[in-house]
Amino acid sequence: MGGGRWRRVLSGVWRSVAVWAVSTVTMLALAGLLPDFQLQSDTGDSATRIALTAGAGAAVFGLLSSLVWPLLVRLLLLVPALVLGLLVFFLNGSLLLIALRINPSGRGEAAPETAVVVAAVMSAVASATGAALAVRDDDAYRRRLYRLADRRRRASGQAGPSSPGTVFLQLDGVGHDVLTDAVRKGVMPTVAGWLGVVRDAGPRPATDPAAPHTGERTPPGTAPLATHRLTPWRTDWSSQTGASQLGILHGTNHDVPAFRWYEKDSREVMVCNRPSSAAELQRRAVAHTGDEGLLTFDGASRGNLFGGGAEQLALVLSVAARRGRGNRSRAGYFAYFSDPANAVRTAMSFVADVGREIGQSTRARLRKQRPRVGRGGLYPFIRAFATVVERDVVVASVIGDMLAGRTAVYADLVAYDEVAHHSGPRGRDAEKVLARLDRSLALVAKVAEHAPRPYRIVVLSDHGQSPGETFLTRYGLSLGNLVRAGCGLPVPRKVRRTHSGAEARAAVRAALRRPVEEGAEQHRPPASRRSEPLVLASGNLGLVSFPDVPHRMSREEIDARHPALLTTLANHPGIGFLLVRSEEHGGLVLGAHGAEVPLDALDDDPGPLADFGPGAADAVRRTHSFPHTADIMVNSWYEPAEGEVLAFEEQIGSHGGLGGAQGRPFLLSPLTLSAPVEDGADLVGAEQVHHVLRRWLRESLGPQVPQTEGRGNRRAA
């Protein structure tokens, strides 16, 4: 409570200073434009003296307006409205004349009629500035939403359902350990309150999970009762949003081996954040399960890659490729920015975040911070889009869904993921983003108190991020060039950077109706180069395919064609292990110094997978079974002590493969819901998370939410 009170005080002080500064500039401008208004003596003053006079005058005028106007309004209540309207201008002008007379500088004078004009302009500018700054304040924004909700409720005249709704908020890329550290440091007080954690203290479990919150203050130094439980879960080998969110929303991520991969049957590169690929992946998932998704019953999907079967869609990438009325992916932007207050609130925050990123990147460069990647060009604007525009639009959409009483809402907030890719998952920049995301969670929780039905708020992540410098930075060549060298092909002298797979970039292009496909991902490999290997990167996971061979090549075929390739890759210090198909052993894991372990033997001898933790063998075996697994799957080196990996993309915080925090996201759920798994059991894979979330919806709503997915289970009416 103390932190929130001080934040409100500081916010009020900041608004007052900003209004004073704008008023000072306005007074200086009017003094230069109006002949009967001056801020200097007849003999002239220095620019500094004139500026001080304007500042003092603006301060005195603002103070008089704040103190005198409330008294004048009380005295003039009996005056007719028309007369009062005219008196306002004259009284305002009189206050300005008084302000100039008692100005400590002793300078400044204005003709009475000019004083009326100056006072009117200054009042209008000060009012507009104060209003613009107020819309950035969460408390003011929340009060405005309450008024809109009450108006909507009175207009409908209907009470909301008694059964609770569920809001699923995905904090993209926030790992379990990052979240717990942020809670312990006091960076995320809202989450800390839900977990019953005092800064640098442990959690305190609730004695009665179903007990309502009484609103009583907790004594200083003691932890409040926990209302939520925190559960880590383990991703598949492909630890990235495309695979995780498809599994969470649609119940399967079968045949999604990476963020981007080459499919030999169609000769196409699939990219999870490409609208056409997202639409195809969603279609395949529905066909595979026979069910349209988690949100089929009165659901809403906001800011996601996939729709989850929801009727209400906004900022959903899988429908962004549609043309005409069928495309509702951008509807959320139009609805949000049609409100001028929203536009001002977001525009000011956008500009502030662009400046913040430029300052942070400049500081990192001057300090020669390592590791570091380029953050120039359009990146400050892409980052601001993720951390401000998309966050504001998605949160506003979720709030609208809650005030409308929707049953299930799933939304993705990508701000942390975008910043952590370029600033590191545990850097100061990423920590500040977590603090702002926590305030968004607090806003949603507050609005839930005014919703027409009770809501349960579930927060989860789709993956974490593992730190480490890039493969290119450490070794001076990219994975693609290493593969070319192993094949005996010429290696270009000029290094070509890989594309970042950040979801924010796709969201920007989709919002602006610009194609997401670019570079090597834009088209099929040229026929003249199909005999050359195609190398794609997904964080610290690399995929090598030979487009001219219609099937998945075996280890024996690769050795016959390029005898040095597999040895070159397996023995490189930046490579952790390879997965290939073997005609003799089936799946085969290759490592340094001639290590070869068949997939069936990994449980007894993990070999190169030993450092990658529990579940690595199962994840590799599952990916091996996919129809579109690449000819060679390459996972980077991993250092368990520091949790570092080497990204094959230009990212110092990466995800997409095995190794470290990237594979350990979290699930934060109310204690009123059943435990995700039994004590001592692990929550493994996005598909299992889907079943947990579906079970929770059934607990809230009963049998109208299907218990199991099966063919013929279509969208509920």
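Which residues have the most contacts inside the largest nonpolar core? In the predicted model shown here, local features need pLDDT of at least 70 and side-chain atom pairs count only at pLDDT 80 or more, whereas totals for chains, interfaces and linings use all residues. Residues are numbered from 1 along each chain as its sequence is written, and side-chain values use heavy atoms, with hydrogens and water left out.

**Figure 1. The largest nonpolar core and the surroundings of V620.** W237, Y410, V620, L667 and L693 have the most contacts inside the largest nonpolar core, which has 64 residues. A nonpolar core is a set of buried Ala, Val, Leu, Ile, Met, Phe, Trp, Tyr and Cys residues joined through side-chain atoms within 4.5 Å; buried means under 20% relative accessible area, exposed over 50% and partly exposed in between (1.4 Å probe, protein chains only). Helix α21 (residues 686-701) supplies the largest share of this core, 6 residues. Helices (H or I, at least four residues) and strands (E, at least two) are DSSP runs, numbered from the N terminus. With neighbours within four places in sequence left aside, V620 is in contact (heavy atoms within 4.5 Å) with W237, F577, L579, V589, L599, L609 and L658. Another core, of 52 residues, lies apart from the largest one and includes W194, V394, A445 and A448.

Figure 2. Strand β4 (residues 228-234) runs parallel to β22 and is joined to β22 by 2 bridges, with W233 opposite L683.

**Figure 3. The buried helix α8.** Helix α8 (residues 241-250) is largely enclosed by the rest of the structure, because 10 of its 10 residues are buried. Among them are the polar residues T241, S244, Q245 and H250. At the helix start, a side-chain oxygen of Q240 reaches to within 2.7 Å of the backbone nitrogen of G242. G251 follows α8 and has a positive phi, near 85°.

**Figure 4. The hairpin of β5 and β6.** Strand β5 (residues 260-263) runs antiparallel to strand β6 (residues 268-271), and 4 bridges join them. The hairpin has 4 residues between its strands, and R267 in the turn has a positive phi of about 55°.

**Figure 5. The contacts of S423.** S423 lies in helix α13 (residues 415-423) and counts as buried at 8% relative accessibility. Its side chain makes polar contacts with those of R375, at 3.3 Å, and D429, at 3.2 Å. A polar contact is a pair of N or O atoms within 3.5 Å; within protein, one must be able to donate a hydrogen and the other to accept it, and residues adjacent in sequence count only if both atoms are side-chain atoms. Not counting residues up to four places away in sequence, S423 touches R375, D429 and I652.

Definitions and conventions
Pairing = 2+ DSSP bridges.
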